[in-house]
Amino acid sequence: MKAEVRTVEEWVKPLPQPDGVSAEYWQAASEGRLLVQQCPKCGNRQFYPRALCTACGADPEWLECSGRGTVHTFTVVRQYGARPFRDELPYVIVMVELDEGPMMLGAVTDCDPDAVHIGMPIEVHFVKAADDLGIPYWRPPR
Amino acid sequence: MDRTPVIIGVGLSEYPVAPDLDGVQHHTLAAQRAIADAGIEKSEIDGYVNAGGGGGMMVDDAVTMAEYLRIDHKYIDGTMTGGSSFEFHVQHLAAAIRDGLCDTALVTYGSDQLSRMGRRLGTGGFQRAGQRVSGPMQHEAAYGNSLVGSYAMHAMRHMHEFGTTSEQLAEIAVGVREYAMLNPKAMYRDPMTVDDVINSRMIADPLHKLDCCAITDGGGAFMITTAERAKDLPQPPVYVLGAAGAQTHWNVSQQVDFTTCAGAKAAPIAFGQAGITHDDVDMLMFYDSFTITCLILLESLGFVKQGEGGPFVAEGNLKFGGKWPLNTDGGGLSSCHPGMRGIFLIIESVRQLRGQGGEAQVPHCEVALAAGSGGWLSCIGVAILGRNHP
C-alpha cells in the first residue's frame, strides 16, 4: 500500500515525539505507508506500537496495512478552546477499525461531518508534519 | 478486636465557587471539617491517602500534603486513577485497616479548577499548537480530540448498538437537577426539562452542553477507622461492605468496548464482598461527568442488562422517589465537579446513610453504592457502604 501524502506549508498542530519504538511508524507514515505491529510468536496485532506484544510479551514486528477500515465510533467536535483546533470547528474524531483488526484514533477529512456514520468504510491518507513524520488521516474511499 | 472498616468522619470545603481558596487550602479545610466531624484528635491519624490532581500552581500529591498537614503516618497511598481514585482508596484502606497497617486514616481532595481556569474553555481540549507530545498520546494529540469527545464516542456507539436516545440521556441530567434544586449550594438550581437538555448546544455529537458536568471549585475529606474505635464516636458509623476497582484502558483510543466499562469486572467483586444483591441497594452515587457515564455505569454494574439502561432511566427509576435515586447532592452535572469528583460520591453516601440528607434524604437508606469513573470510562471504582454491621 502506498497512500497519498500531502504536504503543508507549516505544521501548527501538536507534533508527535517519536521514540525508540514509534520512530519507524512515523517514518513509514511520511512515505504513505500505515504500519501496525504483529507478533511473530502468537500472531497478536496491536496499535499503538509498543516494545512488547501485549498478548504474550514477545518482540513484535511490523505489518504493512491496506489503509482501509470502517468507522467504529466517532464524534463531531463542535467546541474546543485552543488554537489551532478552535479555528477548524466542526471536525470529526473517529475510531477506525482497520481491516487488519486493530483500532486507532484519527480524524476524518474531505467529507461533510454530518455524513459520517458508524460502519462507513474509510481509507487512509497522510499529511507530512516533518521530514520523518507523517500523520494519518481518514476520508471516504475514492 | 473488630477491625471492620468504618467511615467515621466526612468534610467538604467550599463549593461551587471559592476564589479565596487554592487547591491545598481546599484539602486542608475539608480535612479540618472531617476531623471535627469524626470527633477524634488529629494525632490519632496514622494513615494518609490522596490522589493529587488539584492541579494549578499548588503541589498536592500525597507526600507533599502529608508534610503540609503534618500527618505522622505509617501508611500512605497516592493511587491516582482519575476521578475514581477515592473509590480505589476505599478498597485499599479497607484492606489496610483490616490488616492493621494503620488504625485511623484520612483521605483528602481539593481543587480550585473554576477559580483558576474559569468556565470559558468549557471543552476539555488537551492539546495546543506546536506542542511536542510523547508516550501513547503521541498517537492522538494531532487530531484535537476533547474530553467531551472521548465520552461522546461512547454515547455514539451505545446509541448505534442499542437505540439509546438523546432524550433518555437527558432524563439522567433532569433527575440529578431535581436533587440539585434541593441543595442550596449546588452550582445550577433552575428547573430543567428534557427539551432544555436536547436543545442546548451540541459540544461533541451526541453530547449537548447540558449532558456535561459543571466546572466548580471544591474539596472533600473522609476518615476510616476500625469498628472497634468507632464505638464511642459521635457520628453513626458507616460500614465499608465491599470495595473493588478495575481498569480497561487509560487513553480513550485503547478502549476495547465503547458500550461498557471496567465496572463489569469491579461490581461482582464488590457485591461478593458485601454479600448483597442489587435489590438491597437503596441509592446510587454515580460519577456523572456526562449523562452517558451514568448510563454505562448503570448497565456495567449490573443494575440493568446491557442496552436496557435508556428505557429504564426514562421510566424515572433514578429520580427522586424512584427505585434507585441517583446523585442526591445534585451530582457533578448540576452541583459540584472540581475535576475529580469521586470523593464527593463517598461523602454524600455517608451523609445519606447517617440520615443527614435533609430534603433529599432517601427514606430507610441502609445501603449506598458509589461508583467512580476515572479517565474516559477507564478506571472504575465501586464502593458499597452500609448503615448496619456486616
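Reader: What percentage of the 390 residues in chain B is buried, and what makes a residue buried?

Author: Buried residues make up 64% of the 390 residues in chain B. The label rests on relative accessible area: under 20% is buried, over 50% is exposed, and partly exposed lies in between (1.4 Å probe, protein chains only). This is a predicted model, where local features need pLDDT of at least 70, side-chain atom pairs count only at pLDDT 80 or more, and totals for chains, interfaces and linings use all residues. Residues are numbered from 1 along each chain as its sequence is written, chains are lettered from A and ligands numbered from 1 in the order in which they are written, and side-chain values use heavy atoms, with hydrogens and water left out.

Reader: How do you know what confidence the predictor has in chain B?

Author: Look at pLDDT, the predictor's confidence in each residue, from 0 to 100. Chain B averages 96, and 97% of its residues score at least 70. For the complex, the predictor gives an ipTM of 0.98 and a pTM of 0.97.

Reader: Why is chain B called as compact as a globular protein of its length?

Author: First, its make-up: chain B has 13 helices and twelve strands. These are DSSP runs, numbered from the N terminus (helices: H or I, at least four residues; strands: E, at least two). The radius of gyration of chain B is 19 Å, close to the 21 Å from the globule rule for 390 residues, so the chain is as compact as a globular protein of that length. The radius is taken over C-alpha atoms, and the rule is 2.2 Å times the number of residues to the power 0.38. Along its principal axes, the C-alpha trace of chain B spans about 55 × 50 × 40 Å.

Reader: Why is the contact of Asp110(A) with Arg6(A) called a salt bridge?

Author: A salt bridge needs a side-chain nitrogen of Lys or Arg within 4 Å of a carboxyl oxygen of Asp or Glu. The closest N and O atoms of Asp110(A) and Arg6(A) are 2.9 Å apart, so the pair qualifies. Asp110(A) lies in the loop between strands S8 and S9 of chain A and Arg6(A) in strand S1, so the pair ties together parts that are 104 residues apart in sequence. The whole structure holds 28 salt bridges over all chains.

Reader: Is Lys13(A) buried or exposed, and how do you know?

Author: Lys13(A) is buried, at a relative accessible area of 13%. Its salt bridge partner is Glu88(A), at 3.2 Å from N to O. Glu88(A) is partly exposed, at 38%.

Reader: What makes the pair Arg229(B) and Glu44(B) a link between parts of chain B?

Author: Their side chains meet in a salt bridge at 2.7 Å, N to O. Arg229(B) lies in helix H8 and Glu44(B) in the loop between helix H1 and strand S2, so the pair ties together parts that are 185 residues apart in sequence.

Reader: Where is the largest cavity, and what makes a space a cavity?

Author: On a 1 Å grid over the protein atoms alone, a cavity is a set of points where a 1.4 Å probe fits but cannot get out. Grid points are joined across faces, edges and corners, and the volume is the space filled by probe spheres set on the points. The search finds one cavity of 30 Å³ or more. The largest cavity has a volume of about 40 Å³. Its lining residues (an atom within 4 Å of a point) include Glu171(B), Val313(B) and Leu326(B). Helix H6 of chain B gives the largest share of the lining, four residues.

Methods
On a 1 Å grid over the protein atoms alone, a cavity is a set of points where a 1.4 Å probe fits but cannot get out, and a pocket is an open set with protein on both sides within 12 Å along at least five of seven lines; lining residues have an atom within 4 Å of a point.
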